[in-house]
Amino acid sequence: MFSVVRRKAASGASSALIFGKSVHKIRPAVSTRVFSEEIMHYPRGFKHARTFYHLPPAEGSMSMSPIREVGYLQHDANMQIWSRSFCSSGGDLVEAVVPHMGESITDGTLAAFLKKPGDRVEVDEPIAQVETDKVTIDVNSPEAGVIQKFIAKEGDTVEPGTKIAVISKSGEGVTHVAPSDEKPSEKAAPSPLPPAEEKEKPKPKVETASMAEKPKESSLPPKSSATEPQLPPKEKERRVPMTRLRKRVAARLKDSQNTFALLTTFNEVDMTNLMKLRSDYKDAFVEKHGVKLGLMSGFVKAAVSALQNQPIVNAVIDGDDIIYRDYVDISIAVGTPKGLVVPVLRNAGSMNFAEVEKEINTLAKKATDGTISIDEMAGGTFTISNGGVYGSLLSTPIINPPQSAILGMHSIVNRPMVVGGNIVPRPMMFIALTYDHRLIDGREAVFFLRRIKDVVEDPRRLLLDI
């Protein structure tokens with residue numbers, strides 16, 4: 001809050017305008033006429049209050065007659081507005097506020113404090129985490145100093161600009177808070193009563209006779225009827241609130257089931273050639289590109305080829321129209337401890353194997369660490385979900401709105417297959433395509449999955465474009 005002090009002499013003396021500590025000259029009064037002191041408070045630039053105190057000359061009696069006016073403040077060119085932090089006590093205290101969280105995010109939940117009152121923090125050091133329905137955002141310290149106190153509590157719903165902590169740049173006035181798990185015995189004992197009060201305090205009467213007459217209560221639990229179901233005790237259950245990310249994932253998946261006409265088609269892929277390709281060139285690939293050659297890059301390239309052959313799978317319904325997208329942004333489903341996130345490979349059609357592997361590793365690490373941004377998860381025209389890393393043999397994935405299809409990969413299992421009239425063991429994988437049957441017919445879905453099977457079983461097709 002700004003304070004402006006303006007002193008005027010009735011004889012026409014000049015005025016002084018004071019913002020904080022900046023003071024202009026005040027012409028000394030020549031006469032002993034009455035002065036008026038005008039104090040204007042500027043609360044956040046909306047209104048101002050003016051209080052007039054009429055003071056008599058110094059040799060007169062001391063009396064004050066305050067008159068208060070409230071009106072709207074006109075913006076002054078000399079006024080400054082701080083948006084990052086609010087200072088008080090001569091600029092020693094600053095307040096950490098929740099930053100902007102994204103265009104589509106209006107609020108979040110204060111998940112955890114990373115520091116405690118009394119801890120020293122540096123500039124831009126994270127002191128708290130805000131969990132949204134998409135990402136987890138850090139709240140950083142605006143200045144170096146010592147945390148004086150927390151304004152918000154864990155679990156509170158906060159918006160951009162919400163104050164959560166007060167930081168003292170000098171460290172003055174900071175009291176260290178004892179841990180919350182302090183035992184009751186460690187607390188200060190109550191002070192003893194004075195002797196006079198101790199004598200007046202009546203002693204409790206011992207009712208030995210009545211206690212002896214009371215029958216002993218049985219320690220055995222009451223017998224329940226044979227028809228009453230035996231439910232587990234409530235003490236063995238835990239109720240934990242859902243995180244925002246989990247609630248968002250649950251809502252989107254349910255919306256997908258309620259909106260789309262979901263249908264899943266399956267096929268199986270012989271992984272022999274792709275696995276042999278990786279085995280033969282894995283050392284040379286790492287030496288040149290600095291990243292391991294995995295199976296995901298082969299499936300991403302196969303999906304790009306299939307989407308180019310069947311552009312309807314890359315399209316989406318918008319009202320009464322169909323939007324065909326002439327670009328391929330592939331979303332990769334990544335499971336994290338906090339929930340499922342889907343980072344996007346931008347322009348996957350122009351990437352080679354090494355670029356795909358590098359980008360997948362970078363996005364997966366960010367998703368696991370919780371540092372992935374909203375922009376890295378926005379958009380996407382098609383999704384690949386690899387449940388095989390968890391050992392899933394077969395599943396029916398659910399479409400990620402507003403896309404129209406999703407490819408499900410599964411675990412590789414050696415199974416007996418007929419090759420050239422002989423039964424031989426082969427590393428096989430089931431693949432599944434769930435699609436919106438309102439837009440995609442079964443013919444296009446089967447051709448799409450068949451193209452992925454052909455490219456994965458013979459990667460040379462990518463080189464020859466056949």
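The dialogue below turns to sheets, then a helix, then the surface.

Modeller: This is a predicted model, in which local features need pLDDT of at least 70 and side-chain atom pairs count only at pLDDT 80 or more, while totals for chains, interfaces and linings use all residues. Residues are numbered from 1 along each chain as its sequence is written, and side-chain values use heavy atoms, with hydrogens and water left out.

Biologist: In what order do the four strands of the open sheet lie?

Modeller: Two strands pair if DSSP finds at least two bridges between them, a strand being a DSSP run of E of at least two residues and a helix one of H or I of at least four, numbered from the N terminus. Here the order is β9-β8-β6-β11, with antiparallel pairing. β9 (136–140) and β11 (157–158) each have a single partner strand, so one side of each lacks a neighbour in the sheet. β6 (residues 108–113) is joined to β11 by two bridges, and T109 has T157 as its bridge partner.

Biologist: Why does the length of helix α7 agree with expectation?

Modeller: The expected span is 1.5 Å times one less than the number of residues. The 16 residues of α7 (442–457) should therefore span 22 Å, and the end C-alpha atoms are 22 Å apart.

Biologist: Is V413 buried, exposed or partly exposed?

Modeller: Buried means under 20% relative accessible area, exposed over 50%, and partly exposed in between (1.4 Å probe, protein chains only). V413 has 31% relative accessibility and therefore counts as partly exposed; its place is in strand β22 (residues 412–419).
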